[in-house]
Amino acid sequence: MAVAEIVPADIREWRGQAVVDQKGHKIGKLESVYVETASDEPYFATVTIGPAVAVGLNVNSKLVFVPLDGAVLGPGYLKVAFARALVKSAPSIGVDDVLPAEAEPEVFAHYGLDYATGTGGERRLARR
């Protein structure tokens with residue numbers, strides 16, 4: 001089956017879909033999308049992982065961040081360009097939390113991505 005490029009208007013509709021790594025190993029479920037504030041383009045996804053995800057509960061679960069660069073949508077899944085182990089060890093937040101601005105550099109650094117605030121010092125990511 002063919003996979004499609006991510007279209008910004010579509011990615012938010014995939015909430016709750018499986019997120020898999022480049023080899024097809026399940027990481028968790030897509031929770032939300034963080035966009036780059038300068039462009040409003042999808043940049044990171046948060047993935048729900050934890051022991052209760054399999055039964056549909058968020059008890060003892062957390063959200064980890066994964067870049068959307070190189071990700072593709074397939075039938076019922078989002079395939080990211082990073083290994084499951086790397087994603088699962090990424091900086092995380094609670095399932096009801098939002099990434100604080102001061103934690104953004106750590107998320108970028110985990111994936112070896114350059115980080116810079118906006119020209120006025122504004123944060124780089126916003127949850128959509």
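1. Strand E8 covers residues 92–94 and is joined to strand E5 by three bridges, the two strands running antiparallel. Lys62 of E5 is also the bridge partner of Ile49.

2. Strand E5 (residues 62–67) pairs with strand E4 (residues 41–49) as well, in the antiparallel sense and over six bridges. Five of the six residues of E5 are buried, so that the strand is mostly covered, buried meaning under 20% relative accessible area.

3. The model is a predicted one, and its confidence should be kept in view. The protein chain has a mean pLDDT of 85, with 83% of its residues at 70 or more. Confidence is lowest in strand E1 (residues 4–5), where the mean is 52, and highest in helix H3 (residues 104–110), where it is 97.

4. Eight aromatic pairs are present in the structure. In one of them, the ring centres of Phe82 and Tyr111 lie 4.9 Å apart; the pair is edge-to-face because the planes meet at 65°, and over 60 degrees counts as edge-to-face.

5. Are the two partners buried or exposed? Phe82 is buried at a relative accessible area of 18%, and Tyr111 is buried at 9%.

6. A further edge-to-face pair is formed by Phe108 and Tyr115, at 5.0 Å centre to centre and with 65° between the planes. Phe108 is buried, with a relative accessible area of 0%, whereas Tyr115 is partly exposed at 25%.

7. Which residues do the ring pairs link into a cluster? They are Tyr34, Tyr43, Phe44, Phe65, Phe82, Phe108, Tyr111 and Tyr115.

8. Tyr34, one of the cluster residues, is located in strand E3 (residues 26–36). Its relative accessible area is 1%, and Tyr34 is therefore buried. Between Tyr34 and Leu68 the separation is 34 residues in sequence and 9.5 Å in space, taken from C-alpha to C-alpha.

Terms used:
Residues are numbered from 1 along each chain as its sequence is written. This is a predicted model: local features need pLDDT of at least 70, side-chain atom pairs count only at pLDDT 80 or more; totals for chains, interfaces and linings use all residues. Side-chain values use heavy atoms; hydrogens and water are left out. pLDDT is the predictor's confidence in each residue, from 0 to 100. Helices (H or I, at least four residues) and strands (E, at least two) are DSSP runs, numbered from the N terminus. Rings of Phe, Tyr and Trp (its six-membered ring) pair if their centres lie within 6.5 Å; planes under 30 degrees apart count as stacked, over 60 as edge-to-face and the rest as tilted. Buried means under 20% relative accessible area, exposed over 50%, partly exposed in between (1.4 Å probe, protein chains only). Two strands pair if DSSP finds at least two bridges between them.
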